[in-house]
Amino acid sequence: MFRNYLHDRLRDPWRQRRVETDDAPDEAAAEVSLFELLDDQGLTVGSIRQAADDFLAARPPWNELAGELWWIRPYLARHFCADKSEALSALARRLDIPSHHYKAQQLGITVVKGGFPTMDAFRATHLGRWIDRLGIDLSGDDAPAQVRIALQLLCQVALYGSVAAAS
Amino acid sequence: MRTLYPSLNLIEAHLFAPSDALMRRWLENDPLLPAATRAALEADPLARSRRADGEAPPPDAEPASSAATPVPDPPRWLRERIQQRVRAQRATFSTVPTPGQIVRVDEAIGPDGPLEHDQPYPLAVLLDRPTDHRAIGYGWLVAAETDYASDADLILEEADGPRDPLAGLVQLWNPVYVYLPSTHGVLAQLPPDRLAAVRALALDFLTQPPPDLRPEPGVLIERRTSQGHRVLTGTPLGRSDDPRRRYRTLYRAAADLLREPVRLAQVQPTLAERLWARLRAAGETIGLRLILAPAPVMGEAAAEIHRLGDWLELEWRELPEETEVFALRVRNLQAATCRIQVVRQNTVYQEHVLAGHQETRLLIEAAPGTELALLDERGERLRWPLAA
């Protein structure tokens, strides 16, 4: 399952730093380079997990999310950790999420066709603000990969909690 | 469709109608009742109706019932509930909040005391795990109404041990944080294997497609989680007229009652933050700055280390099991010997003599008036407050 794979990979990324005997780059090596990208920004897996925990516990400055976490967790899980994807509308129907499309836009996981019109539009979403506060430079070349790994860690904390996710 | 018990209107009244205590204060024209609360009661039809009942003259005296009239036995379901509650009350549960405990919340209590939110009906929370904040736990709301179970509600069973009837199902779609000083006792304690089953079902709910079952309100299904745990749940939600949808809306709103104490606790400075703020403020008045010491070059510092001028190095340690007690490592930065004292209301509770560059560890209760004192060889003293 993808989430187990992700869990194992993220458990101790530094353990993945090993000399590959095969000439072809494998997935583990790719993950290592992703963590190196975070390292370049002064980020660690621990600091991202802590920021994820603050976000998901609605600690300052995320107080406004306190009443929203019941739908934010499933949205995050479905988008970044689930074994099988589920259409947003189906998930919203199943969980009885009113104004689901607007909520997803606010969170930052869906937009009108064509993607976010500007970087500032993404920064205005909950996830955009979270990424911004982490210190990831959204205009940098490595931003897509850095954002991906940060969101996967966020999802992992949403599923397991920061302590369990780190163990 | 089966008729579900109790009705949604009754559940709504239980959760949100004015409590008996509040109604009494209103009927008695309690002058301390806030104007906003009074206005809300006056606007509420149910409250007005109850007030009218309360103010109606007593009915004409009815003939006294004969002493020989037998009192009817309570129905069987009620007897069972009473017995279940008595068994749970007699059980010995840990007084320390523990994962697997189902705790009861009767009233919203914040860090500075009761919040005066009217809560007519107790809420219950299954504690899943502690959080970074020692007084806040994470878990799911627990309720009594098993008829309203969906595929994301785990039904609690006989084998789960003594359990108050308030704890009937775990609402895995309703995750909550709870401020632990708001809790008022333990309703049940799930064993580790059952807590593992709850967590597995919660994970399935978040990451797996819904079970391939026909939506049938009021029907319970035995199934397996993807990790193999046997669980009893309801069926998936049906169309918009499925009563369990409104049930969820009601209980999500009820969960709001738990949020304010958590928010207040989160914005309150921690014991460490209060300590450093006091030391910083006191140091500035005597020209002795509190500065953050640079982190060690090798290894990762486990806690922040501060320096009081060039006199002392301080490292604060949290004690997870204690609330207002902390550990402080104190190091003498000077070559000369000094004395460190913990003083409260002019009584010296602890004293340590530190040779040059020697360190010691203090266990300190942050009780009012507690101070840290530094005495040099001549006995001259500097004092810093450690608590209000």
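Let me start with strand E15 of chain B, residues 338-344, which runs antiparallel to strand E16 of chain B, residues 347-354, and is joined to it by seven bridges. Please keep in mind throughout that what we are looking at is a predicted model. If you look for one pair of facing residues in these two strands, you will find Cys338(B) standing opposite Leu354(B) in E16(B). The two strands make a hairpin, with two residues between E15(B) and E16(B), and in that turn Gln345(B) has a positive phi of about 50°.

Now, which other strand pairs with E15(B) in the antiparallel sense over six bridges? That partner is strand E18 of chain B, residues 370-375, and within this pairing Ile340(B) has Leu374(B) of E18(B) as its bridge partner.

Let me step back to the domains of chain B. The domain assignment gives domain 1 of chain B as 82-237 together with 253-267, and domain 2 of chain B as 271-385. Taken over C-alpha atoms, the centres of these two domains of chain B are 42 Å apart.

Next comes a helix of chain B, namely H5, which covers residues 76-90 and so has 15 residues by the run that defines it. From its first C-alpha to its last, H5(B) reaches 21 Å, which is close to the 21 Å expected at 1.5 Å a residue. Is this helix well covered or hardly covered? H5(B) is hardly covered, since the count of buried residues among its 15 residues is one.

I will turn to the place where the two chains touch. Here 24 residues of chain B are in contact with 24 residues of chain A. On the chain B side, the elements that give two or more residues are strand E7 (169-179), helix H6 (192-207) and helix H7 (243-267), and the largest share, eight residues, comes from H7(B). Sorted by class, that side of chain B has eleven nonpolar, five polar and eight charged residues.

Finally, a few words about chain A itself. How many helices and how many strands are there in chain A? There are ten helices and zero strands, and if you read from the N terminus on, the elements of chain A run α-α-α-α-α-α-α-α-α-α. Of the 167 residues in chain A, buried residues make up 35%. When we take the contacts in chain A between residues at least 6 apart in sequence, 55% of them join residues at least 24 apart.

Technical notes:
Residues numbered from 1 in each chain as written. Chains lettered and ligands numbered in written order. Predicted model: local features only at pLDDT ≥ 70, side-chain atom pairs only at ≥ 80, totals over all residues. Helix = DSSP H or I, 4+ residues; strand = E, 2+ residues; numbered from the N terminus. Expected span 1.5 Å × (residues − 1). Buried ≥ 20, exposed ≤ 12 C-beta atoms within 10 Å, placed from the backbone. Domains from an automatic or database assignment. Contact = placed C-beta atoms within 7 Å. Nonpolar A, V, L, I, M, F, W, Y, C, P; charged D, E, K, R; others polar. Pairing = 2+ DSSP bridges.
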